[in-house]
Number of protein chains: 4
Amino acid sequence: MHAGIEVAVPATRRNFSSDNVSPAAPEVLAAIERANGGAVASYGADTLSAELERRLCALFERPARVFPVATGTAGNALALSALTPPFGSIFCHEDAHIVGDECAAPEFYTGGAKIVGLPGAHGRLDPDALAAPIATAARMGQHACLPAVLSLTQATEAGTVYTPDEIVALTGLARAHGLAVHMDGARFANAVAATGCAPAELVAGVDVLVFGGTKNGAIAAEAVVFFNERLADHFTRRRKRAGQTWSKQRFLAAQLLALLDDDLWLRHAARANAMATRLAQGLSALPGAALVHPVQANEVFIRLPGRTVASLAQAGYGFYRWDDADAGQPHQPGIIRLVCGWDTEAADVDALLATAR
Amino acid sequence: MHAGIEVAVPATRRNFSSDNVSPAAPEVLAAIERANGGAVASYGADTLSAELERRLCALFERPARVFPVATGTAGNALALSALTPPFGSIFCHEDAHIVGDECAAPEFYTGGAKIVGLPGAHGRLDPDALAAPIATAARMGQHACLPAVLSLTQATEAGTVYTPDEIVALTGLARAHGLAVHMDGARFANAVAATGCAPAELVAGVDVLVFGGTKNGAIAAEAVVFFNERLADHFTRRRKRAGQTWSKQRFLAAQLLALLDDDLWLRHAARANAMATRLAQGLSALPGAALVHPVQANEVFIRLPGRTVASLAQAGYGFYRWDDADAGQPHQPGIIRLVCGWDTEAADVDALLATAR
Amino acid sequence: MHAGIEVAVPATRRNFSSDNVSPAAPEVLAAIERANGGAVASYGADTLSAELERRLCALFERPARVFPVATGTAGNALALSALTPPFGSIFCHEDAHIVGDECAAPEFYTGGAKIVGLPGAHGRLDPDALAAPIATAARMGQHACLPAVLSLTQATEAGTVYTPDEIVALTGLARAHGLAVHMDGARFANAVAATGCAPAELVAGVDVLVFGGTKNGAIAAEAVVFFNERLADHFTRRRKRAGQTWSKQRFLAAQLLALLDDDLWLRHAARANAMATRLAQGLSALPGAALVHPVQANEVFIRLPGRTVASLAQAGYGFYRWDDADAGQPHQPGIIRLVCGWDTEAADVDALLATAR
Amino acid sequence: MHAGIEVAVPATRRNFSSDNVSPAAPEVLAAIERANGGAVASYGADTLSAELERRLCALFERPARVFPVATGTAGNALALSALTPPFGSIFCHEDAHIVGDECAAPEFYTGGAKIVGLPGAHGRLDPDALAAPIATAARMGQHACLPAVLSLTQATEAGTVYTPDEIVALTGLARAHGLAVHMDGARFANAVAATGCAPAELVAGVDVLVFGGTKNGAIAAEAVVFFNERLADHFTRRRKRAGQTWSKQRFLAAQLLALLDDDLWLRHAARANAMATRLAQGLSALPGAALVHPVQANEVFIRLPGRTVASLAQAGYGFYRWDDADAGQPHQPGIIRLVCGWDTEAADVDALLATAR
């Protein structure tokens, strides 16, 4: 979502520009400290890495192989590289992070696979949009890339969530055509908190989930979770070769374990979601305001009067805006995105609302 | 243009599905035979390769470095790899051959650069469509690929041509933003023949042209022509490493020289263009017919009544059609593409027109 | 074998520097001319391509899938890309063409796999040299590339040949460790002619052979022959994406069919081999001469007195020499390579021998 | 150095198998905690990242651009990708980490460049070994990769160090041939501590240094330091595209700043070096012991009697051994590697020595 203009950099008040501007949770720092005792086996052969795999298998109620990495871009690109040959195509929503926000990391990691962005209301792919290019590719044969992967983002880049039924419909279609399924779960916690579903329900038909930690209270930690274990063969080599294997790999596992303990990950996400709802309710009550997407997770996309946007920027709030065409005309309405983090406080939200009014 | 459905395979009458179904010209075969005397230096260090470079410099009225290869896909992908870093983006028309007809060859050769398809009427990019993503990328910084290349197709995939003024406008915009310019000239001859311009006029601001021979009477020969000589540094290594350097490289040069002799390339193109015009005139006079794009080169895109399309197919003519949705409903109108080659005869055209009537 | 110094460029007398300096055989040109009739289906869907596959299946007495390409570098690199993941390693003789003569084409096509050159007398790998790095890689796990491919060259870069027993020993070891087997057959014809074996015997345990035509009388044509048909899945996409699929693919098949007709390929190879033997016998009888490798195919590696080498160069014969250290000291002995082609005449050989004496 | 056999996994006593088994320093953890306040700009636009760049410029007494990443493999591979085209070659010592310990990460990041391992006593390249392949490549032209990079490792993989004069000789030769120079500084601190030189002296002629933190007390942090600032253009894009840019990039900078504060990095390295010297002195006094390489940094390579090696393993010490051939013969002597970390204590060393005696 970096296609917008970042406003108020640096932010002098609460920075709503992303959930990755938040600090790490104290529980995460404490876990790193606990993991720091004595000489420990390198490159993932440590007990915390093993423990993390067990915990995620339990959480998702199925066998899985788990590979922590430091960034979501790495997790997504590595996972995709295990799902598609270089001559394959990856279908996803046209606003997906992998399309335009990762400087072609998926193309790099996959050796040049084709990412095909498809339309869909409110950030959600619809099955018909997926069926068409698969049919075209079948007709084109060698001239087109091999349809190889469906990539879903949960919660979506538009701050919405897929229901379990929608996931089943999409992953079912994918599997019927021989596609593997990747889920970008940078905000998977927000989707679980929003739907109240068991995590297992939200990954039906998914081959590999990138389970986000960084936006949700970690320093830098995501888990690549293969439910399709066969696809994980040689993944340690892929990760090593990408320079994504830490010699002190235990410090990645420790962060994610801290988030899983006592459901900290869900409590963080629930709070961020609640703050976004509070923000959406307050802002949408303003004259001239209109939500662009339903607010289902921790992001608010809203059209606001130009002077309101200007007031927020002047007050020092950080956020993104999309109104390139009239950047010089502050009285025109603009669309802005506000993101709440695990540490956003009601007071932050209320202060922004007061400014907006 | 393989996204359509190929009709009548194999064609039992004239195959209008592409200009690459045509044979090689007898002059090309004769040139190969002449080139076949005695032991000759390998890998491009032969006299014919040198002669070809001289001839193309003269034709384009400027210094250039010339590298023949066997296919247009290789020429385009190799040329692009010399113009963009792996983290760059290549802007082109959304229907360009490099977007969807080469099984991601440009992504392979460039190491994963991003191809960005842009809209534009009748296959021609318009400058405004180009300016927007360049501005967005500038704002996004490291999250977006570096705008690196403008790729134009002349004649376009829609069978239209850019005028010299349009080329100057687009290449000027590209250069103002630091982009290099590539021209896919698989049908460059048709564009020259259509406009009556000097070849030099049609490459103003172009850094590298892939000058097509295969569709115009060669067996398999295209010339990658660098007008920006600095960009050609190490191109012999790129070509060798791609397995595109023939040990008997003289046989590539010989084909292209045969086409340049006595303006055979222009005579071929002029004839193909004339046949397309004849075809367009005849078909567009039919009731219910409507040209989809102006016919400026050797391709005809036309909407025809369903029963006309069906008649052509039944008669055994080869062509492409785009009417997926109603494939089972022969009475619905459909869009078809008909391509004339260097060897298409007026009798071929007239026979088809008779069938269509 | 370009690591040597090419002598006498251009050669004013017979050029023995490589077998790729030879012209194409008249039968090959005639076949191209015959293939040039009328509009034909593009991209390999033609009857000659199908016929070539049938002929090679018969020749090798087993099912196979066949994909002609224009160059050996393309054939080898494409074949390897179908056998190894990007994180795999390819084991071969340290003098193999894929190690140092293709400007890293295999690395490009495979997405960065590791080529591991191993020692072996007279260009032939020995099984023990292969076993060691496989064991090391197993111990190193994710830090080392996955042992993926054994690549053999037949005839070897040293002008020797593997016997069927040697091939069985090496391919058996490879398969026992899960490696696929590639054979670089740029001079496969010479090996068949030299051993008198059935072609089938020389590919026991081989998954993919690149069957050379260019050095043996074609203009530019090699066939990638998959005996392991499963590995050929999607190979048309790999070839297309590499820009190695000709739209007029029939002209590649036609060349190879011409070589297969009436065993022309074997007659060419037998003659080249016989000329190399004649050359070796003559030269090794000179005082101070010593063969470096046994002469089993069409290449002669011989140490000669410095003044003999100098005489050959002055007389205008083309060849390679390896004596960097004493380039300025013409009286020191040097090692030279002389290659005979399908068109080398006894008179060429005898004239050179006369000069050498 | 993973080609050896890792002994005693897990180690029940001090693990000398690598310096990356050590924990992070308490100062590093404290710095992370200090960096954890409030919302901070993402992706490197934070004050700590800027501060780190200033500090390293001061340390090296010249302008530089600094890019922290989490792993040495990432740092090396990214740096190399900025120095060589995909068709380039990288020359380094045959035991360098980039040759065989990174699962072909450099090949991946560079798009398939060629890594050429060269000989040299005690892990140090000698200038003559470098000159030869450059000359060969010049002669081979397009058939060989373009000589592009010299990569030095300081301290070397053999636990030795280059003197400033040796560095000047090698980098001077490289620059004379147009090669860029990369320095793998995973143990650069140990080299500075060992030589007593100013850091600036050890990077004379170096274009980019990967300044190691992880082995020296960080959790996961290395700095890619470009002294040749032009080569750093677009490096943020390379890093982002590789998934190596943390959204919370400040936590990488914080670790390295903690090491720079009060020369902690040098104190750590000096201690590790001193412990290695102590170990070497003790062990080399044993009957039958012989150092394999001079001990100049924090690694000891020593040949020991078989029963001594066996005693150390049985006692639970972690280390690597190289004696594949006689693995089943414990009474044969073996070569082992012992590495001291920033936290190795004299008591650890003395206890091992007691066991060895």
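Predicted model: local features only at pLDDT ≥ 70, side-chain atom pairs only at ≥ 80, totals over all residues.
Residues are numbered from 1 along each chain as its sequence is written, chains are lettered from A in the order in which they are written, and side-chain values use heavy atoms, with hydrogens and water left out.

The same surface serves both copies, since 100% of the contact residues of chain A recur in chain B, where contact means heavy atoms within 4.5 Å.

Chain D can likewise be laid on chain A by a turn of 180 degrees and a shift of 0.0 Å along the axis, with an RMSD of 0.0 Å; the two copies are thus related as by a two-fold rotation axis. Their contact takes 44 residues from chain D and 44 residues from chain A. Together the two chains bury about 3,900 Å², 58% of it on carbon and sulfur atoms, buried area being the accessible area (1.4 Å probe) that two parts lose on being put together, summed over both. Phe108(D), Arg241(D) and Lys248(D) supply 19% of the area that chain D buries against chain A, more than any other three residues. Across this interface the rule finds zero salt bridges, a salt bridge being a side-chain nitrogen of Lys or Arg within 4 Å of a carboxyl oxygen of Asp or Glu.

Over all chains, the whole structure holds 48 salt bridges, including the three tabulated here.

| Pair | N to O distance |
|---|---|
| Lys114(A) and Glu107(B) | 2.9 Å |
| Asp19(C) and Arg187(C) | 2.7 Å |
| Arg271(D) and Glu345(D) | 3.6 Å |

Lys114(A) is buried at a relative accessible area of 15%, and Glu107(B) is buried at 5%, where buried means under 20% relative accessible area, exposed over 50%, and partly exposed in between (1.4 Å probe, protein chains only). Both Asp19(C) and Arg187(C) are buried as well. By contrast, Arg271(D) is partly exposed at 31%, as is Glu345(D) at 44%. In chain A, Asp19(A), Arg187(A), Glu299(A) and Arg337(A) are linked in a network of salt bridges.

Notes:
Least-squares fit on C-alpha atoms with pLDDT ≥ 70 in both.
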